[in-house]
Amino acid sequence: MTAGDGAGDGGGGGAHALALLERAVAAAAGSRAFSEEVGADLGRGGYRRLVDLSQEGLWTALRGVRAAAAAGTSAGDSGGGNGRQLLFVPGGVPVAASVVFEGFRMARRGATLTLMDAQDATMLTATGLSTLQDLSAQIDTCIGMAQRHFGSAVCLREAVAALQCSGLVGMEGLVLSLETAAAAAAGIGLGLEDPAAVAVAARMRELEAQVQPLLRVGRPKTSGFDNDDVLWETRMVNVGDIVMQALRDVRAEVGGWAICADVAAVLSAYDDPAAATAAEGFAAASKMLHEQGAQRGGADSLHAVRGAQMLGEARRKEGDGSPKWLDLFFSSSTRLRESLGAAAVLLEAAQHRIPACEGDVGGCTEAEAAVRRAKSAVQQALRSAASLLQREDCEAVRRPVAESMLHFLRACDLAREHESLKQVLNEVDRDVSHLLGAAWSPESASSSPAPEPNSCTIPEDVVILRGHDGSCCVVA
């Protein structure tokens, strides 16, 4: 379910379930397992890992739950609708459940690893060990509550019910696929090893390819289900919307790491050295996300995956046409960005893409220095834009996105004289706009106060000029 759909009854059972979940997560985040007494027994390394993974993961999940509750309240107050587009989700993630389950995944990982080390080394007192076990049980309880509310199995069963109630003929194949996926999704555990999550990610990838005719604007030619005659009728009852919502909801629980693991397995089966290299990139991204989490490993995982695009584009320029696996890359990269959020897209650009841009200077020493200063200023502006999307006040309607957009516009002004920088920023703008929708636009930012020239660190030898219209430009 989306952030808005999770409590879309406007204060009914969904809102009550989210309120109970919020209290349970807050209690777990305040567990005695994070006290200095337990930390002294665990040792600095073990305690640091427990706090970095479990406590930080629980706070992340709590922010996601609050975003879902706030969006659901907004949807109820406005008489219905999808609150996902109305309120801000931490990290600029389109679906609040992604943040919730990502936090729980990290929390369970930290608690499990700490318990394993503590039991093997017998370094904890009986009280300390009991406290850790209680924390692990609390995390399990929170995960169960979240899965019952907006878990993938529940969402898939709801999609099945909606299709069956529609009265449409010819949906049997689609219903069967969703029912099979729901059965597999029931095995997702968010543990150290979670093969069910990878299996469900694979089913969603295959299902999306099958239902593409239901989602196109024009008249489809082929369909993975039954016959084409029912497709016009299906649009009358929004079958495409039902399926796409189910796909988004399921990916929210399986996570970006499982999406990458599935794609890596598919690419490795191609008899193509470029595909094999691309598979290594997706496998590396999966490992980073599984071990570090989306907030810490998101930008680096996007960078690891981006190498696959370069390989595919190089093959296409060689005259062999597009490799068969390139379409899989593009669709999977989009799904990964949806899982990680807009902040990760902005950080990847700041940390990896902008530094790799060419100089566009033709060897002139002074011009090269100007480009280096401009790149540094653009990086700082992008980091500021990303940090605003990671703020905790998720109840602020649109404001974090609008303020982030102002810093992004500043980055665009700083890059206006450099083609390679502008090309990267254009691509970043397209990707973030896909994630945040209409909220990510110059128009939405116009109502927010413009950031001062010193609101993010700019090198001293870069002068920012502000025009009468509020725009900025850089002068070396």
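**Stop 1: D52 and R48**

Select D52 and R48 in helix α3: the two are four residues apart, so about one helical turn separates them. This is a predicted model. Now show the side chains. D52 and R48 form a salt bridge, and their closest N and O atoms lie 3.2 Å apart. Color by accessibility next. D52 has a relative accessible area of 25%, which makes D52 partly exposed. R48 is partly exposed too, at 41% relative accessibility.

**Stop 2: R66 and E22**

Stay with salt bridges. How many does a search of the whole structure find? The count is 17. Pick R66 and E22 from among them; their side chains meet in a salt bridge at 3.0 Å, N to O. What does this pair tie together? R66 sits in helix α3 (residues 44–77) and E22 in helix α1 (residues 13–29), so the bridge links parts that are 44 residues apart in sequence. Check the surface at both ends. R66 is partly exposed, with 35% relative accessibility. E22 is partly exposed as well, at 25%.

**Stop 3: helix α11**

Jump to helix α11, residues 273–292. Select K287 and E291. They form a salt bridge, with the closest N and O atoms 3.1 Å apart. The two are four residues apart in this helix, so the separation is about one helical turn. E291 counts as partly exposed, at 34% relative accessibility.

Is S286 buried or exposed? S286 is buried, with a relative accessible area of 8%. Show what surrounds the side chain. Leaving out residues up to four places away in sequence, S286 touches W257, C260 and A261.

**Stop 4: the nonpolar core**

Select the largest nonpolar core, which has 124 residues. Which members touch the most other members? They are L58, F104 and L382. Highlight helix α10, residues 239–267. Helix α10 gives the most to this core, with 15 residues.

Center on L58 and display its contacts. With residues up to four places away in sequence set aside, L58 touches V25, A28, A29, F34, G103, F104, A107, L135 and I139. One of these partners, F104, is itself among the core members that touch the most others.

**Stop 5: α15 against α17**

Show helix α15 (residues 365–389) and helix α17 (residues 419–436). Look along both axes. The helices pack at an angle of about 5°, with axes 12 Å apart. Angles under 35 degrees count as roughly parallel, so α15 is roughly parallel to α17. Which residues make the contact? From α15, select K375, V378, L382 and L389; from α17, select L421, L425 and L436. Color them by residue class. Six are nonpolar, none is polar and one is charged. L382 links back to the previous stop, being one of the core residues that touch the most other members.

**Stop 6: S384**

Remain on helix α15 and select S384, which lies in that helix. S384 is buried: the relative accessible area is 13%. S384 and S404 are 20 residues apart in sequence, and their C-alpha atoms are 7.2 Å apart in space.

Definitions and conventions
Residues are numbered from 1 along each chain as its sequence is written. This is a predicted model: local features need pLDDT of at least 70, side-chain atom pairs count only at pLDDT 80 or more; totals for chains, interfaces and linings use all residues. Side-chain values use heavy atoms; hydrogens and water are left out. Axes are lines fitted to C-alpha atoms, for helices over the stretch in contact, and angles run from 0 to 180 degrees between N-to-C directions. Angles under 35 degrees count as roughly parallel, over 145 as roughly antiparallel, 65 to 115 as roughly perpendicular and the rest as oblique. Contact means heavy atoms within 4.5 Å. Ala, Val, Leu, Ile, Met, Phe, Trp, Tyr, Cys and Pro count as nonpolar, Asp, Glu, Lys and Arg as charged, and the others, Gly among them, as polar. A nonpolar core is a set of buried Ala, Val, Leu, Ile, Met, Phe, Trp, Tyr and Cys residues joined through side-chain atoms within 4.5 Å. Buried means under 20% relative accessible area, exposed over 50%, partly exposed in between (1.4 Å probe, protein chains only). A salt bridge is a side-chain nitrogen of Lys or Arg within 4 Å of a carboxyl oxygen of Asp or Glu.
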